[in-house]
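Visitor: I'm new to this one. Can you walk me through it?

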Amino acid sequence: MDIAVGQDVSRNSIDPDFLGDDSRRTFLQAAGLLVAGMILPQAHAFENQSTRVASDHKVILVVIGGVRRAETFSPEGQENIPHLVNDLLPQALFYPHARNDGVTAHFNAISSILTGNWQRVDDWGKLAPTTPTLFEQFRKQTKTDRSDTWVVASNKALTSLIGASSASDYGPPYGANVVFPKQLMITAVVDALRRGRAANMADRSKVEAELESAIAGSNYEGLGWNVFDAAERLDPRAQSTIESAIAGFVRSGGPTSGDELTFFMTREIMHKFAPRLILVALSDVEAAHFGSYSMHVAGIRTADRLAWQLWREIESNPDYKGKTTMILLPEFGRDPDGSSTNGFFNHRANDESTRDTWMMALGPAIGKPRIIERPVRHVDVCPTLAGLLDLPAVASQGMRLDEFRV
Ligand SMILES: [Zn+2]
């Protein structure tokens, strides 16, 4: 079902039992509790005892939806990515040509990156990838806990099935925690409001207005989410992490796009669990589907800034500093201007504008900063990262990239 946040917030009242009192703080704590109950069923934080591996190299993989070269690493696009160009590129291993030769839809694109094989499963995440994800390869080999592998995403085309494949001998027992912070927040708040009765709260309308602006940073964000009916209790530590992150995020009163919340949650998870392997899927750029070029470009600027902030977080967090590889790449480009698929709106054309994009890597595993003109492919990412994590090779259509020091 779709959620139209603004309408629901203004039409419904807030349940006074749920709120307890009229303080915003209490409301947000309660919202956090609701949210925590809606973590996806695959999210079990502590099911096994951790077994430490000798190497503690960490990997943070950031995908940013569909962006064209024209709006990013082109002479005219560089103004949209000042942090990538000025702050990160000088210390990066940069591949100007990283190709998506598979399906240019979100679930398949991210699945291909995560598995090292071009995946052709359902575009909307109704089927898991068919070959093992990096998470499964890592957890099976190292016997680590699920809390060592996370997906934090604001992309509506993903589902919890992104965290593990349907491959025999692998699958959900070795999968990642999968969290969609923006969805959890919207679902929790809308659900709370829907269940509301006539409230006698003095400043109800004020709280409603605050929540509305907090959860509906822009109209498109409230549209298109599926509501999960599964509500499984989490380990208390994971639960409190999610809860405090969302409450803290709302309380901070800053910009509230899905990507901002995803970044905020990622940082919280890094602090609490220090996972070895995180996929962060940013998708503010996908406002393009709604036809707004300015919102699309704003999404690019947000991703640029958050990538920089994430790298700075890595560099200042003792659990990550000096031993983390961060890889940043778009899932694909977007369609060329003048195409029959509406140009930047979509990413369906079998065209260089849609397939030919770029990839940036940072951290000690890259050797010295440089630009490698040779085209690489998205299916090369998984075997390369598997090498960095000391995992044995798994059948892949991709190849380990020689530029990384294993
Ligand atoms: Zn899209």
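Guide: Let's start with the metal site and then move on to the rings.

Guide: This is a predicted model, where local features need pLDDT of at least 70, side-chain atom pairs count only at pLDDT 80 or more, and totals for chains, interfaces and linings use all residues. Residues are numbered from 1 along each chain as its sequence is written, and side-chain values use heavy atoms, with hydrogens and water left out.

Visitor: Which residues coordinate the zinc ion?

Guide: His-106 (NE2), Glu-286 (OE), His-289 (NE2) and His-347 (NE2) do, at 2.0 to 2.2 Å. Donors are N, O and S atoms within 2.8 Å of the metal (3.2 Å for Na, K and Ca); water is not among the atoms, so sites may look incomplete.

Visitor: Where do His-106 and His-347 lie?

Guide: His-106 is in helix H5 (residues 106–115) and His-347 is in the loop between strand S6 (324–329) and helix H12 (352–355), so they tie together parts 241 residues apart in sequence. Helices (H or I, at least four residues) and strands (E, at least two) are DSSP runs, numbered from the N terminus.

Visitor: Is His-106 buried or exposed?

Guide: His-106 counts as buried, at 7% relative accessibility. Buried means under 20% relative accessible area, exposed over 50%, partly exposed in between (1.4 Å probe, protein chains only).

Visitor: New topic: how many aromatic pairs are there?

Guide: A search of the whole structure finds six. One of them is Phe-73 with Trp-358, edge-to-face, at 4.8 Å centre to centre and 75° between the planes. Rings of Phe, Tyr and Trp (its six-membered ring) pair if their centres lie within 6.5 Å; planes under 30 degrees apart count as stacked, over 60 as edge-to-face and the rest as tilted.

Visitor: Are Phe-73 and Trp-358 buried or exposed?

Guide: Both Phe-73 and Trp-358 are buried.
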